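Hello,

Here is the structure I promised to pass on to you. Could you have a look at it alongside my notes?

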Amino acid sequence: MKINSALKAGLHLRNRFNTRYDFPQLIACSPALAVFVKSNAYGDDSIDYANPLAVKALNQALLRQAYGLEHWDIPPGYLCPPIPGRSDYIHHLADLIAQRRGPSVRVLDIGTGANCIYPLIGASEYGWSFVGAEVDPAAWRWAQKMVAANPSVAGLIDCRLQKSATACFHGIIQPGEHFVLTLCNPPFHSSAEEATAGTQRKLKNLGGKKTGLNFGGKANELWCEGGELGFIRRMIEESAQFAGQCEWFTTLVSKSEHLPRLEQALRRVKATQVKIIEMAQGQKKSRILAWRFGSAEVRHPA
Ligand code: SAH
């Protein structure tokens, strides 16, 4: 048996998925993974990352092994998230709030998806409590059922349906409700066609065949009016109206060329603090944009 100890480049130090996977152990935890594990060209155990069923089985094994989450699943065709990358966002958020733990850290996930991955990881790692907002009713219902099926986190996660495609916080944040953090992995394409082409490209890069199977997510999960830039600019504008109810607003920004216009939008709404937190997963670079209004001292008197 090989010892998988090599660190994966760029991941957060507390990320428990930052070493190579120990497949025999994962299979012991989740036997359904076994059929997908093969020796790769270097003689190492691996799976075919272009096969959505293999990636789903790997995720199920990882979430079961790391957190005891027995019931993670996604409906056919929905976005299958890479767990190490999603986990990194959560750990960087923890650093932003000095690693505070427990359910009094209330977190809002905008677009939690059917996979509900950020609340599941955040509740398991730090005991934070979450509201997961989702605009797609089928994804929302799925996420709700899945959370209920996992007793270790069921009391910590509340999934809410967003009824407006153009709102992030309105209709979700209730009067008098407070959040320490908001987070978001925004839909990044600007049309359904672009989203479908992006999925096929991703699959091709992974060496997979063109297929009707939507590995990278349903096209309508991945696009919105104005693409990533439009979505985040709307979020920034709306955030100013919730300045007193959220300590930190954050979002992933997949394209660095969007940053100057987003920083301009943040100046317009008079955000008082802006941070850009770089992340890397192997070759893939991404970043978290975080902003706030007012200071920690005002919001959290000693
Ligand atoms: N958080 C998940 C899913 C991200 S995909 C993950 O990281 O894997 C983006 C999600 O945002 C989709 O599920 C889409 O339906 C949802 N979405 C799009 N606009 C939204 C809005 N205004 N409010 C809430 N969710 C939205």
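Predicted model: local features only at pLDDT ≥ 70, side-chain atom pairs only at ≥ 80, totals over all residues.

Residues are numbered from 1 along each chain as its sequence is written, and side-chain values use heavy atoms, without hydrogens or water.

The chain has 11 helices and 9 strands (DSSP runs, numbered from the N terminus: H or I of at least four residues for helices, E of at least two for strands). Of its 302 residues, 51% are buried (under 20% relative accessible area; exposed is over 50% and partly exposed in between, with a 1.4 Å probe and protein chains only). Among contacts (heavy atoms within 4.5 Å) with a separation of 6 or more, 69% link residues 24 or more positions apart.

Ala61 sits in helix H2, residues 52-67, and is buried at 0% relative accessible area. Leaving aside residues up to four places away in sequence, Ala61 touches Leu26, Ser30 and Leu33.

Two backbone angles may interest you. Most residues other than glycine have a negative phi. Gln99, however, has a positive phi of about 55°; this residue lies in the loop between helix H3 (83-96) and strand E3 (106-110) and is partly exposed, at 37% relative accessibility. Cys116 has a positive phi of about 50°, in the loop between E3 and helix H4 (117-126), but Cys116 is buried, at 0%.

Best wishes
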